[in-house]
Amino acid sequence: MSIQPVILWTDALIYLLLLLAALSVWYTGRHEHLSQPWKRVARSRTGQAAMVVLLCYAVVGLLDTLHFNPQSGEDEQGKPVYSTEVLSLFDHLAGPLRTQREKTYSAPFAIHLFSKESIEQPDGSTVRDYPRLKYGGAHLGPDGEGRGADILKQALSGAVKGIVVWFLLLILLCRFDHRRLMNLLAGNTENPWHVGAWTGFALAVLFGACWEWAGNYHILGTDKVGEDVFFQSLKSIRTGLVIGTLTTLVMLPAAILLGIMAGYFRGWIDDVIQYLYTTLNSIPGVLLIAAAVLMMQIYMSNHADDFNSLTERADLRLLFLCLILGVTSWTGLCRLLRGEALKLRELEYVQAAKAFGVGNFRILVRHVLPNVMHIVLISIALDFSGLVLAEAVLSYISIGVDPSTNSWGNMINGARLELAREPVVWWSLLAAFGFMFTLVLAANLFSDVVRDAFDPRLRQQR
Amino acid sequence: MTAYIIRRLLYALPILIGVNALTFVLFFVVNSPDDMARMHLGNKRVTEAAIQNWKAEHGYEKPLLINREAEGAAVFTETILFEKSRRLFLLDFGQSDSGRDIGHDISQRMWPSLAIAIPTLLVGLAVNITFALLLAFFRATYLDFWGVVICVAMMSISGLFYIIGGQYLVGKLLNLVPISGYDTGIHAWKFMILPVIVGVIGGIGAGTRWYRTLFLEEIHRDYVRSARAKGLSEHWVLFRHVFRNALIPILTGVVVVLPLLFIGSLLTESFFGIPGLGSYTIDAIGSQDFAIVRAMVFLGAVLYIVGLLLTDISYTIADPRVRLD
C-alpha cells in the first residue's frame, strides 16, 4: 500500500521544534559549561523517573504526528488514488483500536453493552437484555466464560513481551556490555540510571499488557458513540504535548527579543515594550483567549471554503489556540528577561565589550543572550504543565480545541454529564484525568529538577 | 501619597486606551459588524436590509474609524470606535446584543461572585498558610518531604477533577448539599459550601508550596539566626519573626487579585450554576454576545490596574522601608 505524506501546520512546527532540540543537544554536548547543569539533572532520581515517563508520552505524540493519506484505490492507469482521510502512523499501528467501534457505552473489559436493548431471538421473539459487544471479548463464548482467566493470561503474556523489549533496549543502550548492564541494574553507577531503567521496566510491563489486551478488549471501555476510550486517551497525548510545547515555541522569539532589548537599551525602547506587555497583561488571560477564539470561530464559519478538510481546519484551530495562549503567556518571561538584562548590561564584560566598540547587536547575541538562557529554559519547563491543564479547562468552556480533535478536555466535556446516570459512566473521565495527571506530574517533577539544576541562586543556598 | 495615586491613575489611562484598541481590533476589525450581523441572523440568505436593520438596532451602523459623510470633528466622533470607547471609559456598558442592560446585569451578578470568591480566598489563605508554616517548622524532615510530594501531586490534578469529584462525592453520594444552583439572601449558604470547599482544596497544592518557599527564604536570613542565637524558642522565632516578614510578599500577592474577585471564577461558577459574573461571561461566550465579552474584558483590565495600585499602596503599609513619592 502506498501512502501520500501530509504535513499539517502543527506537524511542521513540531519538526522545527525537534530540529531545534537536536541542534541545542548537539551544541550543549560540545560545551562543558552548558552540559554541566544537565549532568546535574541526570544525577537526580526524580529527574530520571520523570524523564522516562515524559519520553514515553513524547514517543506516542510523535508517532501521532507523522500524518499521511492512505491509498483508497487505483485509477485506470494503475496510479494510486489517495483518500482525503488523514491518518497518522499511530492510527495505523493502533489498527483495530481505531476501527472496532461498538454501538455505545460499554464498561472497561466488558463484553456486554452498557444499556439494555431489544434483542431479536432466533425464534422471532424479542428480549430486553444487554447485547453482546461486537468486538470486546469477541473471542470468548457468548456468555464470556473464563473472562477473568483470559484477561490474566493475556496480561502475563503481554508483560513478558514488554519485558523482553525493555531488556533488548537496555542491552542496546549498554552497547552489549554485560558488566555495564549489571552495574546499571544494580545501581552501581555514578548517575542513578537504575531509577530510569526500572521506571522503564514498570512502563514496559504496563504497556505490554495493554498492548495485548487492546486487541481483544476495550481496556477503558467505550464512549457514547462506541469509540475506544483507551485509543482516545492515547490520541489526546499529541494535543496535550502540542499545546504545552508549541505555545512556548511561538512565544519564545518575541519574549526573548523584546525582553533583552528592553533591559539592554532602556530609554524609550524600554518604555514602549513595558507598555506593550503591561497592556496585554492587564486583560485577564482567560477573557482575552475567549475573545480571540470567539472571533476566530466566526472568521472560520464565514470563510469555511478556505479549508481543504476538517482535519486541516481542526489543526489550524489548534495552532491558533497555541498562538493566542502564547500571546497571553509571553509577558511573564519578557519581564523576567528584562530584569536580568538590566543587571547584565552593567557587568564588566558587557561594559568591556562596549568599550572595545562591539556593536549592540553583537553584544546582545554573544554576551547577553547566552546568560539569560537558563531563565528561558526554566520558564519553558515550568509553563508546560500549566498549559496542559489549561487546555482541558478551555476545551470545557468551549473555547479550546476543535470538538473533532481528540483531547482530554473534550473527553471530560463529553463525559461529565454522564455522572448523573445510574449506574455511573466513570471510565472516560477517569481515563482523561489519569493520563493528564501522569503527564503533568512528570512534567512538574522534571521542571523542579531542571530549575534546581539551572538556577545558580538556588544552588548557593545548599 | 495623593499625588502618587493621581500620577498612577494617569499612567493607567494609556494602558486602558491600549486595551480598548486591542478589543476594538478583535471585535470590529477581524470580523466586521456585517459578519457579526450575518452570524446572528443565520449565515445563509440574509438580505442586505436585514443586516442594516440589525446593525442599527445594536448601534453598529456607523463607520468604523472615519466617517466621511460628517463635518469637522464629527469625522472622528461619529464612528463606532469613538462612540463605543467613550461609553466604555465612562463605564457605561450599554446594551448586550440580546438587548439587556449590561451595567445593570453586572451590578446584580457581582454579589454571588463575591459571595463565593471572598470565602474561598480567605479560607484558602488560612489553610495554605497553616500548612506552609507546619512544613516550614518541620523542615528537612520526612513530614516536610512528603508534604511537598503531596503538594506537587495535588498541583498536578486538573481543577476540573476537583470540581467534578467534589460534586459527585459530596453532592451525589453523600447527598449533603445541593450540587448546583443559588438562592438569594441567607439561604445561599447551602449552595456556597461546596464551591468554596472545592476552591480551597484545589488551591492547596500550589498555595502551600509557594508559601513554604517564602517562609524558608525568610528562615535562612541573618536576623532569624541572631534571634535563635539570643535563645528564643523555635516557635517564637517562627511566629514573631519569620511569619511577619514573610507576610509582606503574601499580602501583596493577595492584594493584586482582590479587585479581580468581582469577576469570579469562570469555571466554578458555570459548574455550580452560580449566577455570578463568571457564568455571565461563559454564557456570553456560548451565545456569542460580543458586547458582554467586550465589556468584561475592559472591566477586567480596569480591575487589574486597580489591583496593581492597591499592591503598591499596601507595600507602604506593610513594609515601612518602602516610601511612595
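Two residues are in contact here if their C-beta atoms, placed from the backbone, lie within 7 Å. By that test, 41 residues of chain B are in contact with 38 residues of chain A. The model is predicted.

**Interface of chain B with chain A**
- Seen from chain B, the elements giving two or more residues to the side that touches chain A include helix 1 (2-29), helix 2 (33-40), helix 7 (142-156) and helix 8 (159-173).
- Helix 12 (266-272), helix 13 (277-286) and helix 14 (290-318) of chain B also give two or more residues each.
- This side of chain B has 27 nonpolar, 13 polar and one charged residues.

**Chain A overall**
- Chain A comes to 17 helices and six strands.
- Its C-alpha atoms fill a box of roughly 100 × 65 × 55 Å along the principal axes.
- Of its 462 residues, 39% count as buried.
- Among contacts in chain A with a separation of 6 or more, 69% come from residues 24 or more positions apart.

**Nonpolar cores**
- The largest nonpolar core has 155 residues.
- Within it, A:I289, A:A290, A:A291 and B:V293 touch the most other members.
- Setting aside neighbours within four places in sequence, A:I289 is in contact with A:I324, A:L325, A:T328, A:L394 and A:I399.
- Another core, of 13 residues, lies apart from the largest one; B:I129, B:F131, B:V242 and B:I250 are among its members.

**Helix 9 against helix 14 in chain A**
- Two packed helices are described by the angle between their axes and the distance between the axes.
- For helix 9 (residues 229-265) and helix 14 (residues 360-396) of chain A, the axes come within 8 Å and cross at roughly 145°.
- The crossing of helix 9 of chain A with helix 14 of chain A is right-handed.
- From helix 9 of chain A, the contact residues include A:T239, A:G240, A:I243 and A:Y264.
- From helix 14 of chain A, they include A:L364, A:V368, A:D383 and A:E391.
- By class, this contact has 13 nonpolar, five polar and two charged residues.

**Helix 3 of chain A**
- Helix 3 (residues 45-63) of chain A has 19 residues, so at 1.5 Å a residue it should span 27 Å.
- Its end C-alpha atoms are 28 Å apart, which agrees.
- Its buried residues are A:G47, A:Q48, A:A49, A:A50, A:M51, A:V53, A:C56, A:Y57 and A:G61.
- Those buried residues pack against helix 2 (32-42), helix 8 (193-214), helix 9 and helix 16 (427-454) of chain A.

**Helix 8 of chain B**
- Helix 8 of chain B has 15 residues and reaches 20 Å from first C-alpha to last, close to the expected 21 Å.
- Its buried residues include B:G159, B:F161, B:I164 and B:Q167.
- Just after helix 8 of chain B, B:N175 takes a positive phi of about 55°.

**Positive phi in two loops**
- A:R266 has a positive phi near 55° without being glycine.
- A:R266 is found in the loop between helix 9 and helix 10 (267-282) of chain A.
- With 14 other C-beta atoms within 10 Å, A:R266 is partly exposed.
- B:A140, also a residue other than glycine, has a positive phi near 60°.
- B:A140 is in the loop between helix 6 (102-137) and helix 7 of chain B.
- B:A140 has 8 C-beta neighbours inside 10 Å, so B:A140 counts as exposed; the cut-off for exposed is 12 or fewer.

Definitions and conventions:
Residues numbered from 1 in each chain as written. Chains lettered and ligands numbered in written order. Predicted model: local features only at pLDDT ≥ 70, side-chain atom pairs only at ≥ 80, totals over all residues. Helix = DSSP H or I, 4+ residues; strand = E, 2+ residues; numbered from the N terminus. Nonpolar A, V, L, I, M, F, W, Y, C, P; charged D, E, K, R; others polar. Core = buried A, V, L, I, M, F, W, Y, C linked by C-beta atoms within 7 Å. Buried ≥ 20, exposed ≤ 12 C-beta atoms within 10 Å, placed from the backbone. Axes fitted to C-alpha atoms, helices over the stretch in contact; angles between N-to-C directions. Left-handed = near helix turned anticlockwise from the far one by under 90°. Expected span 1.5 Å × (residues − 1).
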